[in-house]
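Please look over the sequence and the model before reading on.

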Amino acid sequence: MCQVTNSSSRPGEHSPIFSLIPTPYQGVFCYLGIRGKMRVMTEIILVRHAESEMNVRYGDVVGGRSNQAELTELGRSQSRKLGDYLLQKAIQPAVVYVSEALRTQRTAVGAFGYEVPLVIDPQLNEMSQGEAENMPRREVYTAEILEQIALLQKDFKMPGGESMNEVGARMREFIDDVARKHRQDKLVVAVTSGVAIKCLIATIAPQSHAWIYGHEVPNASLTSVGVDDGHIEVNYIGTPTQ
């Protein structure tokens, strides 16, 4: 049975905005340190959850965390295909981190079955849209709100919600925490959400509000970072698995 606990080229088809030195192989990649010494980095693969009910309603309502949203029929199929893809690539972690959202947990179970323990970590939650969540987008994104977004950019947040910079900071904290906890491991897998992934990437290789808003990270895709002694590298972003 699934154990759930709480915690406080297609790789190569990556985004063209990054020029990457590391070459991934079976969860480990190397880079040259300051003195030219070869170092091995732990790879953390961030999986975006499969299609959920809120993805289908994206054009109509503000999603945000929406932790109770279930996967769609397509999403359930995507999670199974994700599992096939990961098995083919020999990506079989001992544990999988997930957010508090059901859609991440369902995706993990669909991909790995009930044999792999799930660890729920709230640092992986999607960006909170506060009071705006589940409200019609046409009512939320007024001229005044759009003006504030244009002014504040990644520091903008809805009442009771989070900014992109805040999400990026907690996602980076998750990466650092997991890297310390799994210092001897070669591979860690975490299932999270699209905006959370992009906010993390934007803290590692600084990107704009427009990039976070407009860059696509597909459902059930893989994004990879490597970590060693606080040094973090982006490996690839939004690699499709379907």
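## Confidence of the model

This is a predicted model. The protein chain has an average pLDDT of 86, and 83% of the residues score at least 70.

The pLDDT falls below 50 over residues 1–36. In the model, this stretch has 88 contacts beyond near neighbours in sequence.

## The nonpolar cores

The largest nonpolar core holds 31 residues. The members that touch the most other members are I44, L46, Y97, F174, I175, I201 and V225. At least two core residues come from each of these strands and helices: strand 3 (38–48), helix 6 (164–181), strand 6 (187–192), helix 7 (194–204), helix 8 (209–214), strand 7 (222–228) and strand 8 (231–239).

F174 belongs to the largest core. Leaving out residues up to four places away in sequence, F174 touches Y97, D121, Q123, L124 and A190. Of these partners, Y97 is also listed with F174 among the members that touch the most others.

G238 lies in strand 8. Is G238 buried or exposed? The relative accessible area of G238 is 11%, which is under the 20% limit, so G238 counts as buried.

Apart from neighbours within four places in sequence, G238 is in contact with V217, P218, S221, L222 and T223. A220 is 18 residues from G238 in sequence, and the C-alpha atoms of G238 and A220 are 8.7 Å apart in space.

Note on methods:
Residues are numbered from 1 along each chain as its sequence is written. This is a predicted model: local features need pLDDT of at least 70, side-chain atom pairs count only at pLDDT 80 or more; totals for chains, interfaces and linings use all residues. Side-chain values use heavy atoms; hydrogens and water are left out. pLDDT is the predictor's confidence in each residue, from 0 to 100. Contact means heavy atoms within 4.5 Å. A nonpolar core is a set of buried Ala, Val, Leu, Ile, Met, Phe, Trp, Tyr and Cys residues joined through side-chain atoms within 4.5 Å. Buried means under 20% relative accessible area, exposed over 50%, partly exposed in between (1.4 Å probe, protein chains only). Helices (H or I, at least four residues) and strands (E, at least two) are DSSP runs, numbered from the N terminus.
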